[in-house]
Amino acid sequence: MEARTAEPGPAVWLTACAHGDEVGGMVVVQEIFKRLRKRPLLSGSLHAFPLMNPLGFEAGARHVTMSEEDLNRSFPGNAKGTLAERIAEKIFAAICETRPAVVMDLHNDWIGSIPYAVLDPPPLAGSLMAYDKASTLAAKTGLPVVAEPEAIRHSLSHSLLLKDVPAMTVELGESYVVNERFVETGVKAVWSVLAELKLVEQDEAPFVYPLPAELQGRTFRYSSHPTTSTSGVLRFLARPGDIVRGGQPVAKVFNAFGRLQETLTAPADALVLGKSDSSVAFPGAPVMAFGLL
Ligand SMILES: [Zn+2]
């Protein structure tokens, strides 16, 4: 999808549904383009791939089903590589050709997740310009900004940063179904970034995630630890969006007879980003995601 103006200005990309079961981002893209019919772009251009993984989408599956590959671990791609690498190569080349000011890759998370923007770590070598730009624009989304402690190699956003293209991943709540509340959040978050880059006018109050005042503007550090060491049924003691203190119990694992096997505690003061879709605990399985303070 594409919207252009004659006015010179930055190019922005929206990408969605790299994971076929994460359908909400596609609707955010559709809503943004719908809005542009009434409030046309002022400058620059907006581009989108609303459905990067149609094979996964049709099957309601995360991966490229034919080859069981994760498209978001296949970038920058390879024209002579595997199926996912070939798809990735076409997407990556089309994006890079426009020399974008930012790429927002829209994803969905566990069912019980709050929306948040994810920043990849700064590249170890080369320029920090793209990273700094991504960081500034991530804050403009109004979403909690969560930094990945380690690079997710071959993801779209990380691969773009290595090419000096500002990029971020936006997690907009649950997978599988379109949650209208998170669509609205996503549209507002994207619109604020477009307004910051002067592609559109900020003609309504921007979205701001309701964090306590002292945490506004903070960057959180992503953690999916602790994991469980036992198996059994999980009962959560904290909800997504809660602020928890280090050492605070956040979940308990019971065996089939109701005997407590394990109590999981928050690794540090943190914002609870999400909890697992499953209440069946297995040793080593992540059960909650935190944005550490
Ligand atoms: Zn995803």
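1. E2 belongs to strand 1, which covers residues 2–4; strands here are DSSP runs of E with at least two residues, numbered from the N terminus. Please keep in mind that this is a predicted model, in which local features need pLDDT of at least 70 and side-chain atom pairs count only at pLDDT 80 or more, while totals for chains, interfaces and linings use all residues. Residues are numbered from 1 along each chain as its sequence is written, and side-chain values use heavy atoms, with hydrogens and water left out.

2. Leaving aside neighbours within four places in sequence, E2 is in contact (heavy atoms within 4.5 Å) with F33, L46 and H47. The side chain of E2 also makes polar contacts with the side chain of R4, at 3.1 Å, and with that of H47, at 3.3 Å. A polar contact is a pair of N or O atoms within 3.5 Å; within protein, one must be able to donate a hydrogen and the other to accept it, and residues adjacent in sequence count only if both atoms are side-chain atoms. From C-alpha to C-alpha, E2 lies 22 Å from R86, and the two are 84 residues apart in sequence.

3. The chain is divided into domain 1 (2–196) and domain 2 (219–292), with bounds that come from an automatic or database domain assignment. Their contact takes 13 residues from domain 1 and 17 residues from domain 2, and the C-alpha centres of the two domains lie 28 Å apart.

4. About 1200 Å² is buried between domain 1 and domain 2, with carbon and sulfur atoms giving 69% of it; buried area is the accessible area (1.4 Å probe) that two parts lose on being put together, summed over both. In domain 1, W110, I114 and V146 lose the most area to domain 2, together 44% of what that side buries.

5. Which polar links join domain 1 and domain 2? Across their interface there are six residue pairs in polar contact, both residues being at pLDDT 80 or more.

6. On the side of domain 1 that touches domain 2, the elements giving two or more residues are strand 5 (112–113) and strand 7 (145–147), and strand 7 provides the largest share, three residues.

Notes
Helix = DSSP H or I, 4+ residues; strand = E, 2+ residues; numbered from the N terminus.
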